[in-house]
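Please look over the model below. The report covers a sheet, the helices on it and the aromatic pairs.

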Amino acid sequence: MSGNGNGAATAEENGPKMRVIRVGTRKSQLARIQTDSVVAMLKAFYPGLQFEIVAMSTTGDKILDTALSKIGEKSLFTKELEHALEKNEVDLVVHSLKDLPTVLPPGFTIGAVCKRENPYDAVVFHPKFVGKTLETLPEKSVVGTSSLRRAAQLQRKFPHLEFKSIRGNLNTRLRKLDELQEFSAIILAAAGLQRMGWQHRVGQILHPEECMYAVGQGALGVEVRASDQDMLDLVGVLHDPETLLRCIAERAFLRHLEGGCSVPVAVHTAMKDGQLYLTGGVWSLDGSDSMQETMQATIRVTAQHEDGPEDDPQLVGITARSIPREAQLAAENLGISLASLLLNKGAKNILDVARQLNDAH
């Protein structure tokens, strides 16, 4: 903008010429809220840009009568959005990071990992059970969840409960809970409930000893074309270093295990005094067989990153040139090391059986 001192007039004159960034998102209310939050952060950095939101339905939004783990498609909530990105119909796409596979299709990358909100799972109870916990629900109470990870861990911890698949967006699941007499409670990501402003419905937060969370849960990822350096620079300002490094470790762990939504894999990460702690676990479908371990690595994030002649700057699908490469590699190595440890102790057998049983059901 010209510095003629008349900001309002200049903005008006230049209005039609303002560069427009097209942002792809799923159509659900939660997806729109998440996308709006990312756009608001970008607007704060780039007040001279305009943002246009392009909402679309994905395969995962359309197939609502089948458990996610049964559909057998890695990019359930991302494929249509990536198609729009590939065709240059949008410039960037906002996702829940946990929906993004650890191996992205060629030509795409995650250009920003935003600051993580509460990564834990939350329990929402049917109105007649408000004040209860999972432990105090009556015998044979039915708990709804769309996740094998949650069901496996919670069946092990709360054998008096029954777990049943529940699909649909947050609004749909809450309606099913409140209006049908089928479920005593449902399990949802705490971050989604917070973003929707529904904290008052949370009856219990599940801590890691009860239920570890999904890889990337609570964080938002911004996907762009890997060759679009301009857009990578634009969204790169949103990277939150701690969230990024935790999520690199988590995604590397999942990738090395070759896990996905068809097997129960869960994690917990923490950064403290320059140490990154990663706990990871695998479970059989009914939770009866499980294995988990914790490892840590020293992470230095203070060194200034310098661009080097890297052939592939991506780690587990993420590009973050503003964060020291050494720290990213240490996080990735931590995830790989923990996965290798579990595989050496027999985790592959647990996962193979879980996969076969899930496919057979």
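Which strands does helix α11 lie across? This is a predicted model. In it, helix α11 (residues 325-344) lies across β12 and β13. Its direction runs at about 150° to β13. Helix α12 (residues 347-360) also packs on the sheet. Helix α12 touches β11, β12 and β13, and its direction makes about 50° with that of β12.

**The sheet**

The sheet is open and has 3 strands, in the order β11-β12-β13. Their pairing is antiparallel. The edge strands are β11 (265-272) and β13 (290-298), each of which pairs on one side only. From one strand to the next, the twist averages 15°. Strand β12 (residues 275-283) pairs with β11 over 8 bridges. Within this part, K272 stands opposite Q275 in β12.

**Aromatic pairs**

The whole structure holds 2 aromatic pairs.

| Pair | Centre to centre | Angle between planes | Class |
|---|---|---|---|
| F45 and Y46 | 6.3 Å | 45° | tilted |
| Y120 and Y213 | 5.7 Å | 65° | edge-to-face |

Why is the pair of Y120 and Y213 edge-to-face? Its planes stand at 65°, and planes over 60 degrees apart count as edge-to-face.

Y120 lies in the loop between β4 (108-113) and β5 (121-125). Y213 lies in the loop between β9 (202-206) and β10 (220-225). The pair therefore ties together parts that are 93 residues apart in sequence.

Is Y213 buried or exposed? Y213 is buried, with a relative accessible area of 1%. F45 is partly exposed, at 47% relative accessible area.

Definitions and conventions. Residues are numbered from 1 along each chain as its sequence is written. This is a predicted model: local features need pLDDT of at least 70, side-chain atom pairs count only at pLDDT 80 or more; totals for chains, interfaces and linings use all residues. Side-chain values use heavy atoms; hydrogens and water are left out. Two strands pair if DSSP finds at least two bridges between them. Helices (H or I, at least four residues) and strands (E, at least two) are DSSP runs, numbered from the N terminus. Axes are lines fitted to C-alpha atoms, for helices over the stretch in contact, and angles run from 0 to 180 degrees between N-to-C directions. Contact means heavy atoms within 4.5 Å. Rings of Phe, Tyr and Trp (its six-membered ring) pair if their centres lie within 6.5 Å; planes under 30 degrees apart count as stacked, over 60 as edge-to-face and the rest as tilted. Buried means under 20% relative accessible area, exposed over 50%, partly exposed in between (1.4 Å probe, protein chains only).
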